[in-house]
Amino acid sequence: GLGDGVLAPDATGGLQLNETTMAETLRRLGYATAMFGKWHLGQREQYLPHNRGFDIYFGIPFSCDMGCGAWHGPHPTRCFPSPL
């Protein structure tokens, strides 16, 4: 599984490909699908929303504040550049 939290920017996995998303089901029924916001289910190509049933995706694959910020203390151990 995905563990007990969201996927970090350095994660290599994502939502398992054998899982069916609501978007995939709705698309098969003829609906248009869209996803807006933070994805947090994998940032590798095969896990991104446009490959998981969404026709439109506007967002980021993970939070741009994961690992670097005032709330992480003076010496955060993991800092990732913003995906934007």
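Pro-49 sits in the loop between E1 and E2. Pro-49 counts as buried because its relative accessibility is 0%. (Buried means under 20% relative accessible area, exposed over 50%, and partly exposed in between, with a 1.4 Å probe and protein chains only.) This is a predicted model: local features need pLDDT of at least 70, side-chain atom pairs count only at pLDDT 80 or more, and totals for chains, interfaces and linings use all residues. Residues are numbered from 1 along each chain as its sequence is written, and side-chain values use heavy atoms, with hydrogens and water left out.

**Around Pro-49**

- Leaving aside neighbours within four places in sequence, Pro-49 is in contact with Met-35, Trp-39, Phe-54 and Tyr-57. (Contact means heavy atoms within 4.5 Å.)
- Pro-49 and Ala-34 are 15 residues apart along the chain. Their C-alpha atoms are separated by 8.6 Å.

**Overall layout**

- (Helices, H or I with at least four residues, and strands, E with at least two, are DSSP runs numbered from the N terminus.)
- From the N terminus on, the order is α-β-β.
- Helix H1 covers 22–28. Strand E1 covers 34–38, and strand E2 covers 56–60.
- The protein has 84 residues, and 32% of them count as buried.
- The accessible surface comes to about 5,700 Å². Carbon and sulfur atoms hold 59% of that surface. (Accessible areas come from the Shrake-Rupley method with a 1.4 Å probe; for residues, only the protein chains shown count as cover.)
- Take the contacts with a separation of 6 or more: residues 24 or more positions apart account for 44% of them.

**Aromatic rings**

- The structure holds two aromatic pairs. (Rings of Phe, Tyr and Trp, the last by its six-membered ring, pair if their centres lie within 6.5 Å; planes under 30 degrees apart count as stacked, over 60 as edge-to-face and the rest as tilted.)
- Trp-39 and Phe-54 form an edge-to-face pair. The ring centres are 5.8 Å apart, with 85 degrees between the planes.
- This pair links distant parts of the chain, 15 residues apart. Both Trp-39 and Phe-54 lie in the loop between E1 and E2.
- Trp-39 and Phe-54 are both buried.
- Ring pairs join Trp-39, Phe-54 and Tyr-57 into a cluster.

**Salt bridges**

- Side chains of opposite charge can pair when their charged atoms come close.
- The count here is two salt bridges. (A salt bridge is a side-chain nitrogen of Lys or Arg within 4 Å of a carboxyl oxygen of Asp or Glu.)
- Glu-24 forms a salt bridge with Arg-52. The closest N and O atoms are 3.7 Å apart.
- That pair links distant parts of the chain: Glu-24 is in helix H1 and Arg-52 is in the loop between E1 and E2, 28 residues apart.
- Glu-24 is buried, with a relative accessible area of 17%. Arg-52 is buried too, with a value of 1%.
- Asp-55 and Arg-27 meet through their side chains in a salt bridge, at 2.9 Å from N to O.
- Asp-55 lies in the loop between E1 and E2 and Arg-27 in helix H1, so this pair ties together parts that are 28 residues apart in sequence.
- Asp-55 is partly exposed, at a relative accessible area of 41%. Arg-27 is partly exposed, at 36%.

- Thr-33 lies in the loop between H1 and E1. Thr-33 counts as buried because its relative accessibility is 8%.
- The Thr-33 side chain reaches the backbone oxygen of Gly-53 at 2.6 Å.
- Not counting residues up to four places away in sequence, Thr-33 touches Ala-23, Leu-26, Arg-27, Gly-53, Phe-54, Asp-55 and Ile-56.
- His-40 is placed in the loop between E1 and E2. His-40 is buried, with a relative accessible area of 14%.
- Phi of His-40 is near 55 degrees, a positive value in a residue other than glycine.

**Surface patch**

- Met-22, Leu-26, Leu-29 and Tyr-31 form a nonpolar patch on the surface. Together they have about 470 Å² of accessible area. (Patches are made of residues with over 30% relative accessible area and no salt bridge: like charges are joined within 9 Å, nonpolar side chains, namely Val, Leu, Ile, Met, Phe, Trp and Tyr, within 5 Å.)
- Leu-29 lies in the loop between helix H1 and E1. Leu-29 counts as exposed because its relative accessibility is 61%.

Note on methods
Polar contact = N/O pair within 3.5 Å; in protein donor to acceptor, adjacent residues only side chain to side chain.
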